[in-house]
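Here is a friendly briefing to read alongside the model on your screen. Keep the sequence and the 3D view open as you go through the points.

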Amino acid sequence: MRRSEFLKLLEKRVLFLDGAYGTELLKRGFRGKLVEVLNLESPDMVRGLQRDYVDAGADILLTNTFSANRMKLTQYELAEFIERINTKAVEIAKSACKTDQLVFGDMSSTGIFVKPLGELDFDEAYEIFKEQAQVLVDSGVDGIIIETMSDLKELKAAVLAVRDVSRDIPLIVSMTFEEDGKSVTGTSVEIYATVMNDLDVDVVGINCTLEPKQMLSVFSKLAKHSRKPLCVEPNAGKPMLAGNRLVYRTSPEEFAIYMRDFVELGANIVGGCCGTGPEHIKLMRNYIGERSPVQRVVTKEQFIASRTVLKPVEPFLIIGERINATGKKKLQEEIRQMNFTQLVRLAQEQEQEGCAAIDVNLGLEKVLSQDHFKAVINELDRYASLPLSIDVQTLNFLEVCFKEYVGRAMLNSATCNEKHLLPRIELIKRYGGMLVVLCMEKDIPEHSEERVELAKKAVEILKAEGIELERVFFDPLVLPIGAKKDHRVTVETIRKLNELGLKTSIGLSNLSFGLPERESVNAAFLSLCVDAGLGAAILNSKEQTTMSVLRGALMLKGEQLVKVDQLEEEPLVNYILKGQREQVMNLVQEMLKEHEPLDVSQNVLAKAMERIGQLYATGKIYLPHLLLAAETVQPVFDHLNSLIATGENRLGRVLLATVQDDIHDIGKKIVATVLRSGGFEVVDLGKNVPAERVLEAVKELKPNIVGLSAMMTTTVGYVKETADLLKKNGVEVFVIAGGASMNRQLAQQFGVYYARDALEALNLCRRLLGGEKA
Amino acid sequence: MVELYVPKIEEYMPDKAVFLARTRARYKNIVGEIDLLVRFNELFLQGLRISRPIVHHRVCPIEELPGALIPDSFSGAKQVSLFLSTLGKNIDELINSLLEEDKTHDAAVLDAWASEALETLNEAFDRKLRQRFGDGTMRFSPGYGNVDVRWNRYIVELLKVEDVEVLSSGIMLPRKTTTCMIGWYDAKK
């Protein structure tokens, strides 16, 4: 099916997607490790389920290929069957269709975070997705869905991969969020929508994790921010144990009633995720019926974003200028040597000073390689949180930055010359983002009229390329008044561009280059520019006069800068949050002069981590911050522990394992990191660990606590098996379970403790070793 | 002969836009108010859980029925289907207890829900009968047009319904109960 036909169909009526595969096949007797194997070993079972979905009224069937990418199949030693599993899945789904159902190739995560959060290289992720997409497209799918993604960067790799396989295949993307509207990697649903507005995808959706009731508010945010048609697939609640069977509590009627709300909120495609079956799809289809999609009101506001921070560009965008290695030999040299300490510090400082974005200019680019640019983007993603304005001249370096960047960055900049402008337009078309266009070609015109004419020329090019002008800032060009340049030309150009409805941005400090009292001059000029309609400036946010005058100038226009939420924390907490390990160590060394190591460890460092835990629990920081903090304090704890007599230094020993047949590792690793930072000794047995192996390890290592992780509904039963085996063998140990398929009620039924996330696990471990009985 | 029909759940799940309109709320205007929406949905589910919908029905030749029961619009019909549909007494009791607890909002919403659920059921059963009997008149209920509402008593007795009480006013208890008639032009089916 062509994209245009699919989009036309979406305009006509609400479409129905099928329900779950894993949980439904389990219900139907599947007892293996990976449901995708059924494509080869028991195709009739898959076809039977898909026929039931067709009979229930599904318009779109997904192929049984959710985990059929090379990375996942390798974990099950099935990589050699990748082509057969995917090809066969398409064949089965097509044979299950009766009338005009569509078959969408189902793709999902590799199970490993992309750098810098994890170990997977972006290009590697891209190749994994491309391989699967190629097989699915070659096998004749009508479209592709990439679902249950929790890392925006991994999703971006998948989107690019699918689009490089086919520009004309309909593409649905879907991320999974917690009830607070954030993914586990800290990306909000608004950021996701903003990034997907730019990327070449047809439908944007959310699925899994939440039941319909919990998903409503998350979806309503998506509906407000997404300019693309929407898809939604909630779970049928959390699994519970009924006898020996896992059951999902959302009944078909409850599911149907809530799905009607999603349609009213603007969903174009509705379906089900874990726990839903043909009966859910059937009742939903009957209840919702044939219906045209609702016309949504979508926010017109433009945003830039990093992985975790979304900033509106209106009424005024302050972009910090100080990461500019031009003329800063020390910074340039540090960058060349892959030392990003100063660069990260500059980014963090500018955030504190009230910037909404950070301009990144690495100076002399010919002494740098692609690896430098890649590393800079990843370091800033890891240690700083503001969106970036990527001020890079060399086109292939610019592409590296945009490929690696997570969020919606600004491309700074292109000239109005077609040859310069077009490749940069291509970059934002492929990777998303906003663009700054300088009102010049080879030379800078003397007069405002000529600059405006050039801008008009650029507008025509942008329009012809399908770029909305809302995504573009025009830079009227600020020249040094010290070189006898007339600043009024810039002001006049801003005014004229503003009259044409175009956004404007300037590089402020160039004005006062070589002058005394730069701050006053900059501030006065900025005020004139704001009055003329300026919308953004790259400036030195350390200049307090400039910042105050900017606030005043905006107030005179009846506008106000969005208040910057700043974390006011004590220095140690701040250092830890920013990943400034050296500063943490220095502070600790100072304290050691007057305090015992145990005192510093437990009363200072552990307290600081407790505070960070609170910040995480109250949504003030996100998982990447928590992980960074944990990693930052770990060597400091290790150092302190080396100074403390053995036996005193650890709160207890925790043995962690992902249960048998489950290969999901991320969550468990996060728990390990946080537990270690909280003063526990952690022994990680890895993934796919049988109950007997856990028992052996418990006997040998004598941990205080065993932590078991189960991500899949097909493996959650092993938590009980392991806990039962430990009990049967008379082992006195606390057992805590966690993971996507676990919940508190299930844990109670299994006779184990439950921790929802890493922080809860840490607090529970502390509580258990503080006196509770096994 | 009187037949009984127990409807499937989807046959009495009212459309939200319509049921909310009965509460004077516009679905599209309140859909952004998630808490309110969830509350409506919980009442919806509660209504579904406790309702015991059933339809009593029979078909008779038109000449066997009293002339005063036959509306003018049935002219030309050979047979008439009469049916009584009810959600049962539980929903009445729930609405009453909510009122007693001063939960007027919930009671009003549930009342609107139940009215629309009954209407949805009547629509669904109407479609079912038409599949069986072919061409027919529009559905009609006593109390409209030139037929007195007190004819409800006659219909309840004709259909031998024991769980429904008809007051002298013609009002039926449980309250979420209706009687309907459809005339069929073809006598053979």
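A salt bridge here is a side-chain nitrogen of Lys or Arg within 4 Å of a carboxyl oxygen of Asp or Glu. By that definition, there are four salt bridges between chain B and chain A. Please keep in mind that this is a predicted model.

**Where chain B meets chain A**

- On the chain B side, 18 residues are in contact with 17 residues of chain A.
- Together the two chains bury about 1500 Å², and carbon and sulfur atoms give 68% of that area.
- Within chain B, the residues that lose the most area to chain A are B:Met13, B:Ile34 and B:Leu45, which together account for 29% of what that side buries.
- Eleven residue pairs are in polar contact between chain B and chain A, counting pairs with both residues at pLDDT 80 or more.
- Three helices of chain B each supply at least two residues to the side that touches chain A: H1 (16–22), H2 (27–30) and H3 (34–50).
- H3(B) gives the most to that side, with eight residues.
- Sorted by class, the side of chain B that touches chain A has twelve nonpolar, one polar and five charged residues.

**Domains of chain A**

- Chain A is divided into domain 1 (3–288), domain 2 (303–556) and domain 3 (571–769).
- The C-alpha centres of domain 1 and domain 3 of chain A are 32 Å apart.
- Across the contact between these domains, 22 residues of domain 1 of chain A touch 24 residues of domain 3 of chain A.
- Domain 1 and domain 3 of chain A bury about 2000 Å² between them, with 63% of it on carbon and sulfur atoms.
- Two salt bridges are counted between domain 1 and domain 3 of chain A.
- A:Arg756 and A:Glu178 form a salt bridge, and their closest N and O atoms are 3.3 Å apart.
- Five residue pairs are in polar contact between domain 1 and domain 3 of chain A, again with both at pLDDT 80 or more.
- On the domain 1 side of chain A, the elements that give two or more residues are helix H2 (22–27), helix H5 (70–75), strand S8 (239–242) and strand S9 (245–248).
- S8(A) provides the largest share of that side, three residues.
- The residues on the domain 1 side divide into twelve nonpolar, five polar and five charged.

**A five-stranded sheet in chain A**

- Chain A has an open sheet of five strands in the order S22-S21-S23-S24-S25, with parallel pairing.
- Its edge strands are S22 (681–684) and S25 (753–754) of chain A, each of which pairs on one side only.
- Strand S24 (residues 734–738) of chain A runs parallel to S25(A), and two bridges join them.
- A:Ile736 stands opposite A:Tyr753 in S25(A).

**Backbone details to look at**

- The peptide bond from A:Lys115 to A:Pro116 is cis, with omega near 10°.
- A:Pro116 is in the loop between strand S3 (102–107) and helix H7 (122–138) of chain A.
- Another cis peptide bond joins B:Leu173 and B:Pro174, with omega about 0°.
- B:Pro174 lies in the loop between strand S5 (172–173) and strand S6 (177–184) of chain B.
- A:Thr148 is not a glycine, yet it has a positive phi of about 55°.
- A:Thr148 sits in strand S4 (residues 143–149) of chain A.

Definitions and conventions
Residues numbered from 1 in each chain as written. Chains lettered and ligands numbered in written order. Predicted model: local features only at pLDDT ≥ 70, side-chain atom pairs only at ≥ 80, totals over all residues. Heavy atoms only, no water. Contact = heavy atoms within 4.5 Å. Buried area = accessible area lost by both parts, 1.4 Å probe. Polar contact = N/O pair within 3.5 Å; in protein donor to acceptor, adjacent residues only side chain to side chain. Helix = DSSP H or I, 4+ residues; strand = E, 2+ residues; numbered from the N terminus. Nonpolar A, V, L, I, M, F, W, Y, C, P; charged D, E, K, R; others polar. Domains from an automatic or database assignment. Pairing = 2+ DSSP bridges.
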